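This briefing goes through a sheet, the helix packed against it, and a pair of helices elsewhere in the chain. Please keep the coordinates open while reading the points below.

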Amino acid sequence: MILHTILFTIAVTGVSLFVVYYWSFFHFSQIFEDRVIDEYTFAKKQDMGVENEWILGVTTDSIDVVQGIHKDNVANTLKEKAEKQKEPEKLYRETIDGKHLLYTIRLDTNEGETLYHYSIIKDIYAEIFPHIVMSFLTFFIFLTLISLFYIHMISKGFYEDISILRSYTKKIAEGSDTEPLEISTKDDALQDLVSDLCIMKESLDKEAAMRQTTLQYISHEMKTPIMIIEGYAASAIDGIYPKGTPEESMKTIIAQTERMKQKVQDLLTIVRLESAPAAAKKENIAVKSYILHILTLLNQEKKQNVFLHIPEEVIIEENQERFKILVENLITNQLKYAKTFLSVSYQESAEKHILYFYNDGVQIPEEIRKTLFQPFVKGYNGSSGLGLSICKSIMNQIGGSIFLKDTKKGTLIVVEFLKETDN
């Protein structure tokens, strides 16, 4: 908008100066309408190669020259002034026959005869100054009116756009459904603001949808264990034990409590990861020994075989808590769906550390693959959880990637860490 305003002002100023200049030229040309008509002077000019020109003044001893240049009225007036003048030399300033003149009459004598010397010049200042003032005043008024009209047109469009933006932000604040915002404007800053508002709206919509999904997840996942615990506790009060013995019934209650605890822990983990700074403290992690330690804790029953194909010397520089949460969730997921074994392998490229988590269980159905890493997505057996979405959140935060890779059998999840570079 600023550039357009500057260009418009320059254009209007240029046109206005052009009009004023040429109007002034033709208007004031009559000031220089009198030419030198003396034949001797004209001939001398031609001999010198000088063009005939407009003249402003003359000095002469002959009233006839004055008459030839300034016409009869001026000549007669100067002659009368000269005959009445008593001073040896006198300056006059008069307007004669519409011409503003400054002239001097000097008296001299020669052999008893009085001679008159006339020096005449047009009073240019007095003649053209009012016209110059009026010309520039006209130009200023013209430019002001054009500028005000242009500013009004710009302001009108600008305030209309601002009004649309205010209405849009008000609807966002109220949580109302709104169509995508579109404003026809050439102002880059305003267009950027529109884009930012649309991005903000999309982000708020996603957060609102996530909150709704979270509430649905909590109500669904917590409802069953709470009902079980409530039923077992009420039965125990009446002396009835659904599992046959108090011990077995208490184990069921404890198991459901642990289930609720894990769900709450997953939710807290997501909140903590979303609010944690991306540049958390990093440490050198010995990948093989670290993963082996987590496997030992999670696979105590050893129902599946575990294979690690990771060199001892592999080191990944990462925040230890994030790496722990990531590996724990991936291994828990692999143990849950593996039939007979799972494996963790390592590979590297010039820019990345790559970990492969594989299990020989049932392959993930095609309809679930696209939403596999989204929170609260149900698995092929109807279960749902936050484990893989937590992993996705971690990898997004650190600038890495996690994805499902196609295999003929089983399930393979690939995790890529960017290597640290020296700046």
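Across which strands does helix H3 lie, and at about what angle to S3 does it run? In this predicted model, helix H3, residues 63–84, lies across S1, S2, S3 and S4, and its direction is at about 65° to that of S3, the strand of residues 99–110.

**The sheet**

- Four strands make up an open sheet, whose order is S1-S4-S3-S2 and whose pairing is antiparallel.
- Strand S1 (57–60) and strand S2 (89–96) each have a single partner strand and stand at the edges, so that one side of each has no neighbour in the sheet.
- From one strand to the next, the twist averages 20°.
- Strand S4, which covers residues 113–122, is joined to S1 by four bridges, and these two strands run antiparallel; Thr60 is found opposite Tyr118 of S4.

**The loop between H3 and S2**

- Lys86 belongs to the loop that lies between H3 and S2, and this residue counts as exposed because its relative accessible area is 73%, where the cut-off for exposed is over 50%.
- Although Lys86 and Arg106 are 20 residues apart along the chain, their C-alpha atoms are separated by 10.0 Å.

**Helix H8**

- Helix H8 takes in the 18 residues 320–337, which at 1.5 Å a residue should span 26 Å, and the distance of 26 Å between its end C-alpha atoms agrees with this.
- At the start of H8, the backbone nitrogen of Glu321 has a side-chain oxygen of Asn319 within 3.3 Å.

**Packing of H8 against H10**

- The axis of H8 comes within 9 Å of the axis of helix H10 (residues 387–398), and the two cross at roughly 145°, in a crossing that is left-handed.
- Residues three or four places apart point the same way, because an α-helix has 3.6 residues a turn.

Notes: Residues numbered from 1 in each chain as written. Predicted model: local features only at pLDDT ≥ 70, side-chain atom pairs only at ≥ 80, totals over all residues. Heavy atoms only, no water. Expected span 1.5 Å × (residues − 1). Polar contact = N/O pair within 3.5 Å; in protein donor to acceptor, adjacent residues only side chain to side chain. Pairing = 2+ DSSP bridges. Axes fitted to C-alpha atoms, helices over the stretch in contact; angles between N-to-C directions. Contact = heavy atoms within 4.5 Å. Buried < 20%, exposed > 50% of the residue type's maximum accessible area, 1.4 Å probe, protein only. Left-handed = near helix turned anticlockwise from the far one by under 90°.
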